[in-house]
Amino acid sequence: MIKRIGILTSGGDASGMNAAVRTAVRSSIHFGMEPYAIYRGYHGMIRGEIEPLNSRSVSGIIQRGGTLLKSARSDQFLTAEGQAKAVEKLKEHDIDAVLVIGGDGSFRGAQDLDELGVRVICIPATIDNDIACTDYAIGFDTAVNTVMDAVNKIRDTASSHERVYVVEVMGRHSGFIALYAGLAGGADAILIPEVPYSLDDICSKLQEANAKGKTHSIIMIAEGATGDPEAGRLPQDSPSVQVSQYVQERTGYETRMTILGHIQRGGSPTVNDRLLASRLAYHAIELLHQGKSGKMVGEVDHRLKTWDLHYALAQEKQLDLEYYHLSNILASI
Ligand code: ATP
């Protein structure tokens with residue numbers, strides 16, 4: 001019999017986490033269970049930052065970015081002692097099961113908890129969208145819309161001043177934001193960690209486009225896109241700085257760079273993120289109510305699916321390279 005549900009958000013904040021928390025709280029009550037906040041992710045779990053929530057505690061948060069429950073990283077949780085302490089705190093507060101809302105690091109923590117006998121279900125929330133077994137993670141759609149909006153504005157200046165703009169977005173290991181916002185924002189080149197690129201080839205393409213009358217360009221680059229060391233310079237710390245310098249030197253075109261940084265995380269969640277968060281959280285609470293554990297809920301082809309955490313964490317999330325090829329075709333015409 002599951003009575004008390006602990007709810008936590010962990011890893012980088014993502015818009016839609018609040019919508020998920022709201023649904024988790026109200027669904028727990030719907031199933032006759034008591035929702036509890038575990039503040040600051042695993043950090044707060046170890047410290048026993050656990051308090052009851054009710055339907056009113058989550059009023060007026062569906063439209064807010066960030067997370068009401070706060071988020072924090074916890075190195076202590078990576079140790080056996082830290083995890084034992086976390087389990088002890090859950091027992092002290094009579095928490096029977098936990099909902100984890102976060103990215104793959106948070107999922108690994110949840111898997112450890114499951115192995116220690118804590119019932120746990122995860123739902124994916126990360127702007128990087130780098131979790132397998134779900135098409136999208138909560139927060140990705142909002143982030144990519146924010147980037148597209150920024151690119152729209154940058155394009156006005158790029159076209160007025162006839163410049164090349166290099167726009168750097170988040171994604172240390174994953175090119176989802178760059179790829180989706182690049183295609184949707186009409187970028188002329190998209191540089192992502194998953195696909196090697198040559199700066200010399202990119203410069204040649206810009207010159208070809210210029211010869212056809214194109215007077216401004218947008219190059220979208222993910223922060224982790226390190227390129228091909230054999231062809232052109234290897235970008236190091238901030239790839240956009242290196243790429244913009246290289247392009248300006250090689251082509252002579254006036255080039256500017258913009259690092260969008262943390263504006264990509266927050267903001268009111270999009271419809272897609274609110275719907276995804278609400279559906280995933282409801283289903284996760286239903287599974288906890290049924291006594292299930294060690295699972296994640298994802299959405300694949302618009303349908304909710306439940307996966308074993310072990311399986312999900314062993315899979316590599318694949319980018320759909322059709323987006324990449326389409327963008328290249330459109331930029332080359
Ligand atoms: P995002 O990538 O969007 O920031 P995330 O969930 O991957 O989200 P992390 O910082 O990697 O973010 O993980 C959040 C927390 O989960 C960590 O601070 C740590 O306490 C715990 N965690 C991460 N990796 C592991 C692991 N391998 N085993 C156990 N716990 C982990």
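Residues are numbered from 1 along each chain as its sequence is written. Because this is a prediction, local features need pLDDT of at least 70, side-chain atom pairs count only at pLDDT 80 or more, totals for chains, interfaces and linings use all residues, and side-chain values rest on heavy atoms, with hydrogens and water left out.

**Helix pairs**

Two packed helices are described by the angle between their axes and the distance between the axes. Here, helices (H or I, at least four residues) are DSSP runs numbered from the N terminus. Axes are lines fitted to C-alpha atoms over the stretch in contact, and angles run from 0 to 180 degrees between N-to-C directions.

| Pair | Angle | Axes |
|---|---|---|
| H5 (residues 140-161) and H6 | about 50 degrees | 9 Å apart |
| H6 (residues 176-184) and H11 (residues 321-332) | about 35 degrees | 10 Å apart |
| H7 (residues 199-211) and H8 (residues 239-251) | roughly 55 degrees | within 10 Å |

Let's start with H5 and H6, which are therefore oblique to each other (angles under 35 degrees count as roughly parallel, over 145 as roughly antiparallel, 65 to 115 as roughly perpendicular, and the rest as oblique). Contact means heavy atoms within 4.5 Å. On the H5 side, Phe140, Ala143, Val144, Val147 and Met148 make the contact, and on H6 the partners are Phe176, Ile177, Tyr180, Ala181 and Ala184. That gives ten nonpolar, no polar and no charged residues (Ala, Val, Leu, Ile, Met, Phe, Trp, Tyr, Cys and Pro count as nonpolar, Asp, Glu, Lys and Arg as charged, and the others, Gly among them, as polar).

H6 also meets H11, this time in a left-handed crossing. Leu179, Tyr180 and Leu183 of H6 touch Tyr323, Tyr324, Leu326, Ser327 and Leu330 of H11. The tally is seven nonpolar, one polar and no charged residues.

As for H7 and H8, the crossing is right-handed. Leu199, Asp200, Cys203, Ser204, Leu206 and Gln207 of H7 face Val243, Tyr246, Val247, Arg250 and Thr251 of H8. By class, that's six nonpolar, three polar and two charged.

**Ligand site**

The ligand has 17 residues around it, and the closest are Gly12, Arg73, Ser74, Gly105 and Ser106; a residue is near if one of its heavy atoms lies within 4 Å. For polar contacts, the cut-off is a pair of N or O atoms within 3.5 Å. A backbone N or O atom of glycine 12 sits 2.9 Å from a ligand oxygen atom, and a backbone N or O atom of glycine 103 lies 2.9 Å from an oxygen atom of the ligand. Aspartate 112 contributes a side-chain N or O atom, 3.5 Å from a ligand nitrogen atom.

Terms used
Helix = DSSP H or I, 4+ residues; strand = E, 2+ residues; numbered from the N terminus. Left-handed = near helix turned anticlockwise from the far one by under 90°. Polar contact = N/O pair within 3.5 Å; in protein donor to acceptor, adjacent residues only side chain to side chain.
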